[in-house]
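Me: I would like to learn how to read the sheet and the helix packing in a model such as this one. Could we go through it feature by feature?

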Amino acid sequence: MEVRQVMDIPAGALRAAAKEHQGTLTEVSYPVRNYINASRQLVTDVRADAAETGRETVRGEAIVKTCNVYLPSGYDREPGRRYNVLYLLHGVGGDEYEWLRGSGEADGRHAICNLLDHLIAEGEIEPLIAVFPNGRSAHDYADRSFNAEGTNLLGFYYFDYELRYDLIPFIESKYRTYADIADTSSAGISASRRHRAIAGLSMGGMQVLNLVIGGWRCDSVAYTENRHNWRNGLDTTVRAPGMTDLFAYAGAFSNAPTSSGGRVLGESLGSSAFRLDLLYMTCGDRDEISFPVYNDAIEGLAEAAGDKLGGLRQVVIPGGVHDFGVWNHGAYNFARLAFR
């Protein structure tokens, strides 16, 4: 296998590519049947163990959410071609538009889309589909405020249900993906997970660690035993089971407070039936929000994971802070290193 090194974003990679290499971006709606309701219950249409959910589960009506989907140039011209899928998660104050608006604009296009266009056009990556969801699985998902007691914040810690049972099935039924979540055979699961990658910035980085690798769910101290002194009004509740059966590549960029510690994450990986081929973690060394949390999430992780962690990339950005200077760099390199 070709060994690729982490590199700086080349000059011009955030500018628009030639017209024939430009992908398209569309906002699409999909039904969500797994979310936190106004009573802090988990609405779900699947059988869920209370020990896993940490709260009461009920049936309820679906809500409708939107995500943004990037399709590479040539998607419509090549009806027989299938694609890898990259999911990019936002931060605590963001939504399905944060990666698009926050990454900046150049030549009338979102810089993150320009970056993907260039990577594909220059043969750095295979053409892929990128999905930008709203990571709050809650009835009030449109509320972008930070309120430790809010159901909108609680929804971040239950996004794995929406991802597994609503969003991924929607994407893989609507678009031509290699992965097929409907194929639940051992061979199908093993093949599909190598065609999905997921990464997130800040709160989204926490989601990748806690929900995909396997760490703690959190809730307001108003509803817990208040075992932690995070000074953000949140506390751990129950461990999430992880989603390495769905993803072989994961990236956490400036992962937010409430990210689980490295030994917790490593233990989850070590006990998983699946090997994580790539874990890409990055943070700026001047990031007062995330740098201590980043270090805590790494400490002991590789040792506890053992042979279930194929590759760990730890990328510290000198002078980097909590912004898209770090996150664009992370997206660029994670995309280059995944799917290999």
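Reply: Let us begin with pairing: two strands count as paired if DSSP finds at least two bridges between them. Please keep in mind that this is a predicted model.

Me: Which residue stands opposite Phe-253 in strand 14?

Reply: In general, strands of a sheet pair through backbone hydrogen bonds, either parallel or antiparallel. Here strand 13 (residues 249–253) and strand 14 (residues 278–284) pair in the parallel sense over five bridges, and Phe-253 stands opposite Thr-282 in strand 14.

Me: In what order do the eight strands of the open sheet come?

Reply: The order is 1-5-9-6-10-13-14-15, with mixed pairing. The edges are strand 1 (24–32) and strand 15 (312–317), each of which pairs on one side only. On average, neighbouring strands of this sheet are turned by 20° against each other, direction ignored. Helix 7 (residues 203–214) packs on the sheet, where it touches strand 6 (84–89), strand 10 (196–201), strand 13 and strand 14, and its direction makes about 135° with that of strand 10.

Me: Why is helix 3 described as roughly parallel to helix 11?

Reply: Angles under 35 degrees count as roughly parallel. The axes of helix 3 (residues 111–121) and helix 11 (residues 324–337) cross at roughly 30° and come within 11 Å, which makes helix 3 roughly parallel to helix 11; their crossing is right-handed.

Me: Which residues in helix 3 and helix 11 meet?

Reply: From helix 3, Ile-112, Leu-115 and Leu-119 meet Asn-328, Ala-331, Tyr-332, Ala-335 and Arg-336 in helix 11. Sorted by class, this contact has six nonpolar residues, one polar and one charged.

Note on methods. Residues numbered from 1 in each chain as written. Predicted model: local features only at pLDDT ≥ 70, side-chain atom pairs only at ≥ 80, totals over all residues. Heavy atoms only, no water. Helix = DSSP H or I, 4+ residues; strand = E, 2+ residues; numbered from the N terminus. Axes fitted to C-alpha atoms, helices over the stretch in contact; angles between N-to-C directions. Contact = heavy atoms within 4.5 Å. Parallel < 35°, antiparallel > 145°, perpendicular 65-115°, else oblique. Left-handed = near helix turned anticlockwise from the far one by under 90°. Nonpolar A, V, L, I, M, F, W, Y, C, P; charged D, E, K, R; others polar.
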